[in-house]
Amino acid sequence: MENGSCMYQLLSLQQDMITRVIDLKNTETQTIETCFDDSATVSIDKTFEFMRVGGVYNCKIALFGGTKKMNAGEWHEYTIVKESVVVGDALFVQVQLGNDYYYVHQEQVLPYLSSKKLMFDCARKDLIQVDEMVNEGLYNWIV
């Protein structure tokens with residue numbers, strides 16, 4: 001894992017009404033992730049639409065959800081790996097589940113930083129960075 005990113009192979013992509021739904025396979029752990037790509041909804045020229053099925057990309061995936069169990073997604077205990085990771089202009093916490101790494105907005109998990117663990121109800125996963133390109137929608141995320 002370099003710079004907190006992991007290499008993923010793009011298995012499939014499906015254009016939804018507004019966003020794309022993509023399936024990625026972590027080349028190291030073999031975990032398959034279904035993520036949302038909304039980069040085209042916030043930018044005309046800086047999108048992840050260059051990605052092609054079969055291609056391998058260095059990706060960062062953010063978890064969208066909360067620290068309260070709302071049965072909105074998958075409830076898991078994550079280990080906090082890095083407390084302050086800058087992606088674009090947004091501040092994240094890098095977390096680990098098994099051998100897989102994800103990102104959560106730091107502001108969401110501030111009370112848990114000292115314990116190094118947190119329970120999180122992940123409702124969806126969003127693609128926030130591919131290779132060196134950052135999803136410009138991060139600048140508009142409201143936690």
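Predicted model: local features only at pLDDT ≥ 70, side-chain atom pairs only at ≥ 80, totals over all residues.
Trainee: What makes something count as a strand in the first place?

Mentor: Strands are DSSP runs of E with at least two residues, helices are runs of H or I with at least four, and both are numbered from the N terminus. The chain has two helices and nine strands, in the order β-β-β-α-β-β-β-β-α-β-β.

Trainee: How do you know how compact the chain is?

Mentor: Take the radius of gyration over C-alpha atoms and compare it with the globule rule, 2.2 Å times the number of residues to the power 0.38. The rule gives 15 Å for 143 residues and the chain has 14 Å, so it is as compact as a globular protein of that length. The C-alpha trace spans about 40 × 30 × 30 Å along its principal axes.

Trainee: Why is N26 called buried?

Mentor: Buried means under 20% relative accessible area, exposed over 50%, and partly exposed in between, using a 1.4 Å probe and protein chains only. N26 has a relative accessible area of 2%, so it is buried. Of the 143 residues in the chain, 43% count as buried.

Trainee: What does N26 touch, leaving aside its neighbours within four places in sequence?

Mentor: N26, which is found in strand β2, is in contact (heavy atoms within 4.5 Å) with C6, M7, Y8, T31 and D100.

Trainee: What makes the link between the side chains of N26 and D100 a polar contact?

Mentor: A polar contact is a pair of N or O atoms within 3.5 Å; within protein, one must be able to donate a hydrogen and the other to accept it, and residues adjacent in sequence count only if both atoms are side-chain atoms. The N26 and D100 side chains come to 3.4 Å, so the pair falls inside the limit. A polar atom of the N26 side chain also lies 2.8 Å from the backbone nitrogen of E28.

Trainee: Is E33 buried or exposed?

Mentor: At 1% relative accessibility, E33 counts as buried. Its side chain makes polar contacts of 2.4 Å with the side chain of Y102 and 2.5 Å with that of K125. β3 pairs with β2 in the antiparallel sense over six bridges, and C35 is the bridge partner of I22. The hairpin of β2 and β3 has five residues between the strands, with Q30 in the turn at a positive phi of about 70 degrees.

Trainee: Which residues have the most contacts inside the largest nonpolar core, and what makes it a core?

Mentor: A nonpolar core is a set of buried Ala, Val, Leu, Ile, Met, Phe, Trp, Tyr and Cys residues joined through side-chain atoms within 4.5 Å. The largest one has 26 residues, and those with the most contacts inside it are L24, M51, L63, Y78, V95 and L127. Its largest share, five residues, comes from β8. A second, separate core of eight residues includes A62, V85, Y103 and V134. In soluble globular proteins, nonpolar side chains tend to be buried together.

Conventions:
Residues numbered from 1 in each chain as written. Heavy atoms only, no water. Pairing = 2+ DSSP bridges.
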